[in-house]
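Some notes on this model follow, as numbered points.

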Amino acid sequence: MAKIKLNGKLTRINREQSVLNLLNILKINKKKIAVELNGKILQRTAYKKSILKNKDILEIVHFIGGG
């Protein structure tokens with residue numbers, strides 16, 4: 001197990017888990033979010049190759065329409 005901070009909350013995940021895998025587990029629509037890993041915005045193409053490690057900080061921001 002690894003511990004990461006996900007949107008400000010300490011969360012345990014399986015080791016060697018990609019950002020894409022975590023998004024799938026959380027059932028998050030990948031088309032309507034922005035992901036920041038350790039202070040850097042990830043391109044969608046990097047979700048699969050970005051492997052989460054102990055003490056990583058992950059922020060997931062959902063886009064909300066309005067007017």
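1. S18 counts as buried because its relative accessibility is 10%, where buried means under 20% relative accessible area with a 1.4 Å probe, protein chains only. S18 lies in strand 3, residues 17-18; strands are DSSP runs of E of at least two residues, helices are runs of H or I of at least four, and both are numbered from the N terminus. Leaving aside neighbours within four places in sequence, S18 is in contact (heavy atoms within 4.5 Å) with Y47, K48, S50, I51 and L52.

2. On provenance: the model is predicted, local features need pLDDT of at least 70, side-chain atom pairs count only at pLDDT 80 or more, and totals for chains, interfaces and linings use all residues. Residues are numbered from 1 along each chain as its sequence is written, and side-chain values use heavy atoms, with hydrogens and water left out.

3. Five strands form an open sheet in the order 2-1-7-4-5, with mixed pairing; two strands pair if DSSP finds at least two bridges between them. Strand 2 (9-13) and strand 5 (40-42) are at the edges with a single partner strand each, so one side of each has no neighbour in the sheet.

4. Strands 4 and 5 run antiparallel and are joined by three bridges. L37 has K40, in strand 5, as its bridge partner.

5. Not counting residues up to four places away in sequence, I60 touches L6, N7, L23, I28, I33, A34 and V35.

Definitions and conventions. Buried means under 20% relative accessible area, exposed over 50%, partly exposed in between (1.4 Å probe, protein chains only).
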